[in-house]
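Morning, everyone. I have one structure to show you today. Please take a look before I start.

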Amino acid sequence: MGLLDGLSKFALVSAILTAIGFIVHLIGYGAPYWYKKGNSHSGIWKSCFGSICSDYVGSGYNPEWLEAVEAFETLAFLAILGALIVMGLKLTVMKEQKIFSIFICLLQFASVGGILLGVIIYGAKFPSSSYGFAFVFEILASVIILVAGVFSFWIERCFSTCSINSSASESSIVNCIL
């Protein structure tokens, strides 16, 4: 009997998508390429002109809107990390805990909301087409985690409304969803 016996493929896809979304978010979160114009680029933590970079934190220049972006993106980071930890528990040692599925969905959707709020605030302050790759990575991370959250929601819906146990076939889950 293996560690992942009886694991739904939908749950595995959701976990993999959440992990990929976490990595994409982590890259976008830390990279100073949210905005790029000419020889300068900036992120939510630092700004660079050429090869000279300066941190926003502790520099005296950290406007309130940027603090809000940093806060939302940090909360999203923590929510994704929490979802991954709970998923690890749910998929390995606590398979029968139904509340974990609900908690995973909530954390995934909360992280999508946090990422999108940060992106919207940042985009409102820099309404141009000079966005860097990190800004695009944040949007991509929110889409990936949203898809993972939909998979998690479907799994929870099937287990709660159709009374499918953890050893049900994938066709039973698909029939329940449809």
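Which residues does Leu66 touch, not counting residues up to four places away in sequence? Leu66 touches Ile44, Tyr56 and Tyr122. Contact here means heavy atoms within 4.5 Å.

A word on the source. This is a predicted model, where local features need pLDDT of at least 70 and side-chain atom pairs count only at pLDDT 80 or more, while totals for chains, interfaces and linings use all residues. Residues are numbered from 1 along each chain as its sequence is written, and side-chain values use heavy atoms, with hydrogens and water left out.

Now the overall layout. The protein has 5 helices and 4 strands. Both are DSSP runs, numbered from the N terminus: helices are H or I with at least four residues, strands are E with at least two. Along the sequence, the order is α-β-β-β-β-α-α-α-α. Of the 178 residues, 42% count as buried, meaning under 20% relative accessible area with a 1.4 Å probe, protein chains only.

Next, the cores. A nonpolar core is a set of buried Ala, Val, Leu, Ile, Met, Phe, Trp, Tyr and Cys residues joined through side-chain atoms within 4.5 Å. The largest one has 23 residues. Trp34, Ile44, Leu66, Val69, Ile115 and Tyr122 touch the most other members. The elements that give two or more residues to this core are α1 (9-30), α2 (64-92), α3 (98-125) and α4 (133-161). The most come from α2, with 6 residues. Apart from this core lies another, of 10 residues, among them Ala79, Ala83, Val86 and Leu107.

On to helix packing. How do α1 and α2 pack? Their angle is about 150 degrees, and their axes are 10 Å apart. Axes are lines fitted to C-alpha atoms, for helices over the stretch in contact, and angles run from 0 to 180 degrees between N-to-C directions. So α1 is roughly antiparallel to α2, the word for angles over 145 degrees. The contact includes Phe22 and Tyr29 of α1, and Phe77 and Leu81 of α2. Its residues divide into 13 nonpolar, 4 polar and 1 charged. Ala, Val, Leu, Ile, Met, Phe, Trp, Tyr, Cys and Pro count as nonpolar, Asp, Glu, Lys and Arg as charged, and the others, Gly among them, as polar.

Last pair. The axes of α2 and α3 come within 8 Å and cross at roughly 160 degrees. These two helices are therefore roughly antiparallel to each other. Here the contact residues divide into 21 nonpolar, 6 polar and 4 charged.

Methods: Buried means under 20% relative accessible area, exposed over 50%, partly exposed in between (1.4 Å probe, protein chains only). Angles under 35 degrees count as roughly parallel, over 145 as roughly antiparallel, 65 to 115 as roughly perpendicular and the rest as oblique.
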